[in-house]
Structures are given as C-alpha cells and as structure tokens.
Amino acid sequence: MKRQNFKLIKGGAEEPKITSLENRRFVSAFVTDTRLMGVVALSFHWKIFSSEVWEDFYQFFYFDAEEYGLDTYQSLQGNDIFALTAVEQKLIGGLGGRKVPVTQKEALYLLQHFASESRKLKVPLPEPVKEYKTLLEEPVTLSPKERQAIIEKICTPILSDYQLIHYFVMRCFARDWEGASYLIEGDIDLDALAAKKAATLCKNTIEEYTDENGTASYLCEALIDMNGKYELVVLEITVSNRKVLSATRRSSFRITSAEAAMMMNRPEYVTVYEILTDPVEFDEEFLPLVATAMQTNHENGRLFMEFKKDNDHVNAKVFSLNEDVYGLYYVSDFGQLIVAAYELKVIHSIERRLQKSTLGSSLLATAKYEFKEPIVYDFIQSEFEDFDDFLHSLR
C-alpha cells in the first residue's frame, strides 16, 4: 500500500482552510456506541479546499461524561491510512464499542452537547479550539424523535436484564444522571441511590427473584470505590422490557481496602520469555503485534495493555472492573517479555500467536505461572529487574 503524505494540523498559516465552513464539505462521521460506559468518541471526515484541490481532513473528539468532559481533540490532514488508523486506535481502541455512522446534523449536535457538558463540569475545551470553533457557533436543535435516534446510536443495545442493571448501577454511582436516564422508565430518585460524590463501580453481583406480582426483581451487591474508600451497597431493582422501573437502596457499609482487594481478586496466568534478539529488531517484529494495545512507559520497561474487542463482560451475572482487559505485555529493559492474562484460554491463545509470528524464533519461554491474584503490576512497580528474582523475594 502506498504511503501518502500527511501532516498534523496546528493552525498558523493553514487556519483559513480548516476553520471556515465555506471551505469544507462533509463526507461522513461516526460515533462509538459506548455512552453507557461513560465515554464516547466522535469523528468527522471533511474535504477541505486547499491549493486548488480538495484534501481530506479528519477531526476526532473524546468525551468523558463523568469528570473530564470533552477532554481530547486531534486532527489529521491528508489521507495517510497508517496515521489515521493510529489515531483511531489511540482514542477508541480500548472502548470496546462499535463505530456507528451519524449524519452531519447528528454529529454537530453531539459535539455541541459535549461542549455544553464540559462547561457544566467547568473544564476547558481541548486546544486548538479555533479548529472546531465554527462547528459550535450555530446551534443545532433536534426533535424528540431525532434525539431518541441519537441515544440509540450512542448506547449499545441492551440484551439482558443483567446488562441493563450493571450499566444502570454504573451510571448511578458515577452520578451520571443523563446516562442513567436512558435506562429507566418513570421517576426514580437517582440521587438517593448514589454516594454524595462520584464513585467507581468495582464489582456488582446480581441475584434474581420474582415478587408476588410476577415482576422480575433483583438484589445487587455493589462494591464501589470512592477515592480509595470502599463501600458495599445493596440495591433492590425491578425491571420490565429492558427498562429499570424502580430502584431502592437497602443498605450500605464501609469495608477496608484489604477486604475490597479480596473481593476483586482473580487468578493471573503469566508466561515469561527471554528475548533473544536486540531491542531494535525486537520492536520491528513486536510492535505490529500490539498495534491496538495501549502503551505506558515505566521505569524499567514498557507495558502494553490489550483490550477485548467488545464489552460483553457487562452482559453477565457478575460484573468486575477491568474485565475488559484481554492481556498484558511487559517488555523489560533487561531482556524479558512478560505476558499475563486472566483466563487460561487467553494466555494459551497469546502464546500461540507469539509462536506463530515472525517473533517466535526470537523468544524463549523460561517459566509459566498461575497466581491466585494479580502480581505483574506489583513487579512493574518494584525495583526488581528480573521477574524470577522478584518472585524469589516474595517467597
């Protein structure tokens, strides 16, 4: 595939081309159906008239409904498919949602709504605002039917009562009343269910029963994190036709961080490899394998977090935070590749993928472990250079 010219837009001399609506034509737009997770990505594709030709121009927005508002903006000019894919993966690779096409009117409405929510949260819009300021100037109004159509596009379809309840509880404890309202029918005092400040839902366990009227009712035991303080909350919820009809807070009590950690524990499967090639050659083969993973740099290496391609983990009787993680790859500066997963079938799948890749002959598996609780993060944050030495210190 021929690599095309591309450049990052930073304003300056190019400002008249990208800020004026008169110089652009709408091509397409998409939004992710991840609003019930509290975040949404939105993208515009325009044609910009520049130097007597029409050039491609892309704008990407990332909206966090809980805390940060419209906190990320990136733009690309040109048709470099590699750069475009890289930006998309960075913004939406970990969301686990679908890209849903939207019209120009719908996309402008969403952007203006995100900007309005940012003002309510008292957070500044991401720079450079001048690149998209004109998209905010002429208000877009929608009919009730059009607004409902947008809600159905930004929210993943509800497939079960379990999925409905997990999303509802998640939105309530985040104090995201707009998100929670998409899931209810009738009047529910949402503020009475949540903590006084936004909290993260760490785990939610559902038990079903049927009341005397034959209505499906559920008891939920929710573990929430309030900035390092943990609480167990019991809710009673009734549902019908994939909508929450009522919700009552039955009880709640604080628990220690150690108790919360025990409730969140899950096994971790780890395979340790010795890297048999030099770092440059290793990166040439390894980085394409984890192109969709999120990378973070640490003192002694780099961590690549690969997410699942969907949010099916929400559609289960028990929801746990971070179950959207498929696998971890830690490349140490001292010649080790440490791979971790939380399911046995996943670690086996990752091992096969590495073995079948062009990297296979450059890796030597030296150890395999099964731990009762996650341990790789502890190693990354430790001062140890070798994983086996780290385990020896624990023993």
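**Close-up 1. The hairpin of β2 and β3, with G38 at a positive phi near 95 degrees.** This view, like those that follow, is taken from a predicted model. The hairpin has six residues between its strands. Strand β2 covers residues 24-32 and runs antiparallel to β3, to which seven bridges join it. Across this pairing, R25 stands opposite K47 in β3.

**Close-up 2. Strand β3 and its pairing with β4.** Strand β3 spans residues 39-50 and is mostly covered, with ten of its twelve residues buried. Twelve bridges connect β3 to strand β4 (residues 53-64), and the two run antiparallel. L42 has F61, in β4, as its bridge partner. In a regular strand the side chains alternate between the two faces of the sheet.

**Close-up 3. The salt bridge of K47 and D56.** Side chains of opposite charge can pair when their charged atoms come close. Here the closest N and O atoms of K47 and D56 are 3.1 Å apart. K47 has a relative accessible area of 23% and is therefore partly exposed. D56 counts as buried because its relative accessibility is 11%, and buried means under 20%. K47 is also the residue in β3 that R25 stands opposite.

**Close-up 4. The hairpin of β9 and β10, with N241 at a positive phi near 50 degrees.** Two residues lie between the strands of this hairpin. Strand β9 (residues 229-240) and strand β10 (residues 243-255) run antiparallel and are joined by eleven bridges. V234 has S251, in β10, as its bridge partner.

**Close-up 5. A salt bridge between E306 and R353.** The N to O distance in this pair is 3.2 Å. The pair links distant parts of the chain: E306 belongs to strand β13 (residues 301-307) and R353 to helix α11 (residues 344-356), 47 residues apart. E306 is buried, its relative accessible area being 11%. R353, at 27% relative accessibility, is partly exposed.

**Close-up 6. A salt bridge between K368 and E351.** The closest N and O atoms of the two side chains are 3.5 Å apart. K368 is exposed, with 59% relative accessible area. E351 is buried, at 13% relative accessibility.

**Close-up 7. A network of salt bridges.** R35, E66, R171, D176 and E178 are the residues linked in this network. In total, the structure holds 20 salt bridges.

**Close-up 8. A patch of negative charge on the surface.** The patch gathers D278, E281, E284 and E285. One of these residues, E285, is found in helix α10, which covers residues 279-286. E285 has a relative accessible area of 33% and so is partly exposed.

Conventions
Residues are numbered from 1 along each chain as its sequence is written. This is a predicted model: local features need pLDDT of at least 70, side-chain atom pairs count only at pLDDT 80 or more; totals for chains, interfaces and linings use all residues. Side-chain values use heavy atoms; hydrogens and water are left out. Patches are made of residues with over 30% relative accessible area and no salt bridge: like charges are joined within 9 Å, nonpolar side chains (Val, Leu, Ile, Met, Phe, Trp, Tyr) within 5 Å. Accessible areas come from the Shrake-Rupley method with a 1.4 Å probe; for residues, only the protein chains shown count as cover. A salt bridge is a side-chain nitrogen of Lys or Arg within 4 Å of a carboxyl oxygen of Asp or Glu. Lys and Arg count as positive and Asp and Glu as negative; His and the chain ends are not counted. The place of a charge is taken as NZ of Lys, CZ of Arg, CG of Asp or CD of Glu. Helices (H or I, at least four residues) and strands (E, at least two) are DSSP runs, numbered from the N terminus. Buried means under 20% relative accessible area, exposed over 50%, partly exposed in between (1.4 Å probe, protein chains only). Two strands pair if DSSP finds at least two bridges between them.
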